[in-house]
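This briefing covers the structure shown below.

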Amino acid sequence: MEIYPFLPKTNCKKCGHPTCMAFALALLQGKAKVDDCTPLIDEKKYKENLEKLKELMGGADGKEKELHIDVDKDLCDGCGICVTACPVNARYCLPTLSGKAPDYPPEKHQLFQVTDGKCELLDLKSCRRLEAEGRERECTVCENYCPRKAIKINYV
Amino acid sequence: MIRINCSGCSLLCDDIFVNTNGSIIDQVIGACKKGKQRLDQLNAKNRITSPMIRKNKELKKVSWEEALNKVKEIIKNSSKPILYGFSTSSCEAQLKGIELAKKINGFIDSNSIICQGKVLNVAKDSGITLTTLAEIINKADLLILWGANIADSIPRLLNKALFSRGKFRLTGREIKTIIMIDPIKTASFEVMQMRDTALYIQLGKDIDLIRFLKENISIDREIIENKIAGLDKEDIKRLIINLMNAEYGVIFVGQGLLKSNPEYNILKELIELVRAINSKNEKGRLSLVFLGGHYNMVGFEHVALSFYGKNHSLQFSDNLLVNTNDTIVNKVANDDFDCSVIVGTDPISNFPSFLSSKLASKPLILIDNKKSATMEVADVFLPSSLTGLECEGLAYRFDHVPIQLKKILNPPSDVLSDEEILNNIIKEINKK
Amino acid sequence: MEMTVNIVRMIERDQIEEFSFGDELSLKEKLAIGFLNPKDFDKLGLVKSLHIKLSNKYGDVIISQVRDEKVPEGIVLMPVSIWSNQITGVENGNIIYKDLKVEVEPTRDPILQFKDLIAKIKKKK
């Protein structure tokens with residue numbers, strides 16, 4: 001638990017969690033942000049801890065790591081397995097249940113579409129890794145099921 | 001955006017959207033790499049849009065009248081013409097081709113004879129359990145790929161068969177089992193998960209596996225051999241358990257199985273194995289699916305069977321169909337022809353070189369839309385349009401379901417459809 | 001060295017694509033090629049720049065070669081092309097594309113150009 005040492009360890013509950021340990025767990029699961037711990041932000045004595053914590057949790061400039069799903073167009077062969085297998089696509093686009101391509105124009109929450117023979121990511125906002133709760137946030141269906149290994153999930 | 005049927009391969013997907021203004025296509029949604037390649041052929045760099053005749057060893061552009069005259073001259077000077085190809089033509093064009101063969105006492109055959117081969121023939125003798133794509137999507141829980149590398153030949157089939165959530169298989173991929181039998185680890189193996197089995201069979205030993213399974217399909221009997229066809233005892237046991245307990249199993253048969261062990265009748269033994277399994281398995285049934293490349297290979301067999309009672313290798317004499325055991329392979333190998341009409345295929349690239357030499361040594365008329373090796377040896381070239389895009393027609397999917405292909409663009413001027421070209425040849429020969 | 005040839009479909013090496021959009025050079029580069037297991041590659045004493053000559057009772061052909069771990073030992077994989085059909089033949093009325101026995105040897109001789117291969121086909125009777 002690399003996060004816990006940098007927290008105040010006072011269990012003041014200002015972040016909305018019962019203990020600092022619970023807050024650390026929530027930070028790991030992405031259910032809380034570092035800024036939720038107001039003592040860390042307001043009190044000067046925790047300044048160094050705050051910087052170290054932001055570095056651990058986010059990029060070098062203190063921002064949170066962003067989700068990127070990249071499709072390698074040279075490897076992709078347009079098979080459309082990502083379109084059919086993605087659970088978000090399956091929920092909002094009825095044709096994908098029988099393996100068909102979704103209708104055009106694309107649905108609001110549709111994630112993948114095969115354009116001009118290559119897979120294309122439409123809108124990352126609807127991805128389960130951002131929207132869902134609990135274990136669904138660990139969704140790696142598109143990366144696992146691509147037969148050409150052309151899809152990569154990265155945090156940058 | 002309009003919805004079209006793709007004619008890139010024998011899957012004939014009907015869920016493709018294209019954006020067109022009537023003269024070009026600038027975006028396509030849903031089609032895989034092969035479908036996109038088919039659409040790109042509309043404006044391909046090496047597309048040929050004018051009739052040509054070989055003069056002084058070079059192909060020169062000529063008018064349709066001159067080209068058809070030359071065709072008539074070649075055919076009138078021959079007594080044993082052969083016609084070959086037709087797997088990239090619509091059913092209407094295939095029927096016209098057979099009509100032309102009948103008129104000129106010719107022999108006609110399609111690509112299926114060197115690919116899927118005599119599937120419907122064997123079916124006539126012993127019956128065969130086929131299935132359709134909709135049934136596979138809605139019911140299949142066991143898929144076996146035997147000698148078939150689907151990811152490289154029909155990319156969207158794995159998507160539709162394995163990852164779909166059909167009416168009776170709503171959990172999708174998690175409830176389906178896939179078994180792959182192939183000597184080489186191909187790209188298709190990447191979709192396998194925990195409960196699936198990869199069987200790296202030894203090259204050329206498929207007949208041993210089929211015969212072993214036929215003898216041992218009861219799962220009570222103990223297997224004494226340690227290795228069969230290069231496979232471990234445990235893997236074979238797993239395969240047998242899966243085969244005997246599937247509710248709806250499908251075996252995809254590819255060239256790797258059909259072309260191995262040419263000295264045996266692999267097709268007949270495979271059908272007997274499937275029948276034996278079906279009679280023992282009370283819970284469900286096993287079906288076969290034969291995969292082919294070109295989009296209307298199955299269509300020729302249906303057209304020939306429906307109109308003339310024979311599904312391949314038709315020989316005509318005096319306007320009647322005569323009995324023959326010849327196929328295009330031994331007609332060419334035995335020099336039993338004196339001119340050839342090739343439609344929509346490239347035999348000089350795809351036949352063994354000694355057969356290509358024999359084809360190239362006699363007058364050759366080619367009906368196609370682009371450069372190819374056969375064009376380099378052809379005496380007459382007649383440009384044809386792309387069915388499913390520039391002309392309409394009927395085509396049969398790999399699971400024998402007929403699909404109507406639409407016309408969405410006009411072909412370049414001077415380019416006619418296969419059906420019109422064959423019709424013009426018949427009219428030219430009829431002229432006195 | 002005796003090996004077995006299997007002629008297969010490869011989605012990135014498609015002769016229809018090269019005939020439609022490429023030229024004779026790209027056709028030769030992409031299709032006159034064979035894939036070998038690294039152990040066979042070493043047994044033959046090959047390096048990247050050498051070609052290999054395959055010969056059997058149906059004919060012979062010179063192609064370039066590539067190491068590939070996915071190919072089992074003793075097998076050469078080739079894409080469907082006019083080069084691979086120099087070593088295919090007919091048996092019992094069937095064309096043989098799989099399980100072809102060939103003799104393989106390294107060579108410095110050049111790969112036949114497309115035009116030369118067509119000339120060779122036209123000359124043979």
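In this predicted model, helix α3 (residues 91–103) of chain B and helix α17 (residues 418–430) of chain B have axes that come within 8 Å and cross at roughly 20°. Angles under 35 degrees count as roughly parallel, and α3(B) and α17(B) are therefore roughly parallel to each other.

**Helix pair in chain B**

- The crossing between α3(B) and α17(B) is left-handed.
- On the α3(B) side, the contact is made by E92(B), A93(B), K96(B), G97(B), E99(B), L100(B) and K103(B).
- On the α17(B) side, the contact is made by D418(B), E419(B), L422(B), N423(B), I425(B), I426(B) and I429(B).
- Sorted by class, the residues in the contact of α3(B) with α17(B) are 6 nonpolar, 2 polar and 6 charged.

**Nonpolar cores**

- In soluble globular proteins, nonpolar side chains tend to be buried together.
- The largest nonpolar core has 184 residues, and the members that touch the most others are C82(A), F252(B) and V253(B).
- Helix α11 (residues 266–280) of chain B contributes the most to this core, with 7 residues.
- Another core, of 11 residues, lies apart from the largest one, and its members include L7(A), C15(A), F23(A) and L53(A).

**C82(A) and C142(A)**

- Beyond its neighbours within four places in sequence, C82(A) is in contact with F112(A), C119(A), C142(A), Y145(A), C146(A) and I151(A).
- C142(A), one of these partners, is found in helix α7 (residues 141–145) of chain A.
- Is C142(A) buried or exposed? A residue counts as buried if 20 or more other C-beta atoms lie within 10 Å of its own; C142(A) has 26 and is therefore buried.
- C142(A) and C82(A) are 60 residues apart along the chain, and their C-alpha atoms are separated by 5.2 Å.
- Not counting residues up to four places away in sequence, C142(A) touches I69(A), C82(A), A85(A), C86(A) and I151(A).

**Chain A as a whole**

- Chain A has 7 helices and 4 strands, and from the N terminus on its elements run α-α-α-β-α-α-β-β-α-α-β.
- Of the 156 residues in chain A, 29% are buried.
- Among contacts in chain A with a separation of 6 or more, 48% are between residues 24 or more positions apart.

**Where chain A touches chain B**

- The contact involves 24 residues of chain A and 29 residues of chain B.
- On the chain A side, α4 (81–85) and β2 (112–115) are the elements that give two or more residues.
- The residues on this side of chain A are 11 nonpolar, 8 polar and 5 charged.

**Where chain C touches chain B**

- Here 39 residues of chain C are in contact with 41 residues of chain B.
- At least two residues of the chain C side come from each of β1 (2–8), α1 (15–21), β5 (75–79), β6 (89–91), β7 (94–96) and α4 (114–123) of chain C.
- Which element supplies the largest share of the side of chain C that touches chain B? That element is α1(C), with 5 residues.
- By class, the side of chain C that touches chain B has 18 nonpolar, 12 polar and 9 charged residues.

How values were computed. Residues numbered from 1 in each chain as written. Chains lettered and ligands numbered in written order. Predicted model: local features only at pLDDT ≥ 70, side-chain atom pairs only at ≥ 80, totals over all residues. Core = buried A, V, L, I, M, F, W, Y, C linked by C-beta atoms within 7 Å. Buried ≥ 20, exposed ≤ 12 C-beta atoms within 10 Å, placed from the backbone. Contact = placed C-beta atoms within 7 Å. Axes fitted to C-alpha atoms, helices over the stretch in contact; angles between N-to-C directions. Parallel < 35°, antiparallel > 145°, perpendicular 65-115°, else oblique. Left-handed = near helix turned anticlockwise from the far one by under 90°. Nonpolar A, V, L, I, M, F, W, Y, C, P; charged D, E, K, R; others polar.
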